Amino acid sequence: MQDLAAATYLTLAIAVIGGYLLGSIPFGLIATRLGGAGDIRKIGSGNIGATNVLRSGRKDLAAITLLGDAGKGIVAVLLARFLTHGDPAVIALAGGAAFLGHLFPVWLKFKGGKGVATFYGVLLSACWPVGVAAAVTWLAMAFLFRISSLAALTAAVLAAPFALAFDQPYPMLGLCLFMAVLIFIRHRENIARLLKGQEPRIGQKKSAEEPPPVTGAP
């Protein structure tokens, strides 16, 4: 009995810690440095996500970042699914850990991205009907309003209702709520600009954006 409990705790630890470490991989920073575009933290908003990588003028690096950030969420969930034979609670914990790792990566002193690509990667692999519905929501909102942040926030807030509509297990509902709350927190500056009517549209540069702070300056 003790051996079974120990094995269960070990599996849980591998799924959660492994998910967090996978989520912490800064694909945006790696892609821009290896691609010769410099340090993405010194470009645009200073964010390590695909949207800011696109501001470097390198669509190829932005695509790599998008796939990498979504992919690490997918791998974390698939690892948990393999280890537990599909236990929804552990899958939700691993997916949430990967999402948290992207937002607060240990490798970058816990200063990460906003989590949208990882959000979709986690949802598509953990509860694919919810992931598809959220992705369709993003596409529809982006087409109608041409504002990426608004599309992401709308998809995030509808993820939990989608989980209920598709009769997903309660751990998946909790996962959707957890990620939605963090997405709203990470997008607080975008929300402020949306309320002022100053949020740029897709393809438009942020004219009033402050340059990222220079770390280590006196």
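Biologist: Which residues of H9 are buried?
Modeller: In this predicted model, the buried residues of H9 are Met172, Leu173, Leu175, Cys176, Met179, Ala180, Leu182 and Ile183. Buried means under 20% relative accessible area with a 1.4 Å probe, protein chains only. Helices are DSSP runs of H or I, at least four residues, numbered from the N terminus.

Biologist: What do they pack against?
Modeller: The buried residues of H9 pack against H5, H6, H7 and H8; contact means heavy atoms within 4.5 Å.

Biologist: How many residues are in the largest nonpolar core?
Modeller: The largest nonpolar core has 33 residues, and Phe119, Leu123 and Val130 have the most contacts inside it. H9 gives the most to this core, eight residues. Such a core is a set of buried Ala, Val, Leu, Ile, Met, Phe, Trp, Tyr and Cys residues joined through side-chain atoms within 4.5 Å.

Biologist: And what does Phe119 touch?
Modeller: Leaving out residues up to four places away in sequence, Phe119 touches Phe99, Ala134, Ala155, Ala156, Ala159, Met179 and Ile183.

Biologist: New topic: is Phe119 buried or exposed?
Modeller: Phe119 is buried, and so is Tyr120.

Biologist: Where is the charged end of Arg186?
Modeller: The charged end of Arg186 sits over the ring of Phe104, 5.4 Å from its centre. That label needs CZ of Arg or NZ of Lys within 6 Å of the ring centre and within 35 degrees of the ring normal.

Methods:
Residues are numbered from 1 along each chain as its sequence is written. This is a predicted model: local features need pLDDT of at least 70, side-chain atom pairs count only at pLDDT 80 or more; totals for chains, interfaces and linings use all residues. Side-chain values use heavy atoms; hydrogens and water are left out. Buried means under 20% relative accessible area, exposed over 50%, partly exposed in between (1.4 Å probe, protein chains only). Helices (H or I, at least four residues) and strands (E, at least two) are DSSP runs, numbered from the N terminus.
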